[in-house]
Amino acid sequence: LAAVRPYHQKVIDHYERPRNVGTLDKKDKSVGTGLVGAPACGDVMKLQIKVDEVSGTITDVKFKTFGCGSAIASSSYMSELVNGMTLDEAGNVKNTTIAKELSLPPVKLHCSMLAEDAIKSAISDYKKKRTSTQ
Ligand code: FES
Ligand code: FES
């Protein structure tokens with residue numbers, strides 16, 4: 001057996017007990033869905049947010065990631081981080097914050113980029129839905 005590169009404990013924890021795995025109703029007007037892929041490896045991440053229209057804050061987050069352990073850990077951590085944030089705050093979360101928290105090595109940086117792309121895509125989907133339905 002080839003030696004397996006040791007992952008940081010936080011990656012393993014989020015990988016083994018991912019937070020907020022699941023799906024929100026796409027048709028719900030208060031839900032934004034982001035679906036993004038990583039060209040480098042073909043991994044796919046779906047991240048959904050539920051937004052309270054009055055306060056403009058995120059009240060629920062769900063994700064499904066088909067990808068490597070770092071991508072799953074990145075989406076799990078992102079889902080915890082943005083819950084309770086305003087859309088502006090969530091849109092400003094950088095992949096480097098996630099990579100730092102999870103101590104991702106350089107070759108795994110694009111896995112955290114997937115999480116940044118996914119939250120941005122979910123926010124723009126939510127905004128698009130809001131403007132097209134009133
Ligand atoms: Fe293998 Fe991402 S490259 S899971
Ligand atoms: Fe491609 Fe992690 S998302 S290797």
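## A first tour

Let us start with the span of residues 7-131: its end C-alpha atoms lie 43 Å apart, and it is 46% helix and 21% strand. This span comes from UniProt, where an unreviewed entry lists residues 7-131 as "domain: NIF system FeS cluster assembly NifU N-terminal".

Please keep in mind that this is a predicted model. The pLDDT of the protein averages 92, and 94% of the residues score at least 70. Among the elements of the protein, the lowest mean pLDDT, 90, belongs to helix 1 (residues 9-16), while helix 3 (residues 87-91) has the highest, 98. For the complex, the predictor gives a pTM of 0.90 and an ipTM of 0.70.

Three strands form an open sheet in the order 1-2-3, and their pairing is antiparallel. Strand 1 (31-37) and strand 3 (57-66) are the edge strands, each pairing on one side only. From one strand to the next, the twist averages 15°.

How many bridges join strand 1 and strand 2? Strand 1 pairs with strand 2 (residues 44-52) over seven bridges, in the antiparallel sense. Here G34 stands opposite L47 in strand 2.

Two helices pack on this sheet, as the table shows.

| Helix | Strands touched | Angle between directions |
|---|---|---|
| Helix 2 (residues 69-82) | strand 2 and strand 3 | about 175° with strand 3 |
| Helix 5 (residues 109-132) | strand 1 and strand 2 | about 140° with strand 1 |

Definitions and conventions
Residues are numbered from 1 along each chain as its sequence is written. Chains are lettered from A and ligands numbered from 1 in the order in which they are written. This is a predicted model: local features need pLDDT of at least 70, side-chain atom pairs count only at pLDDT 80 or more; totals for chains, interfaces and linings use all residues. Two strands pair if DSSP finds at least two bridges between them. Helices (H or I, at least four residues) and strands (E, at least two) are DSSP runs, numbered from the N terminus. Axes are lines fitted to C-alpha atoms, for helices over the stretch in contact, and angles run from 0 to 180 degrees between N-to-C directions. Two residues are in contact if their C-beta atoms, placed from the backbone, lie within 7 Å. UniProt positions are given in the numbering used here, feature names are shortened, and annotations may be inferred rather than shown by experiment. pLDDT is the predictor's confidence in each residue, from 0 to 100.
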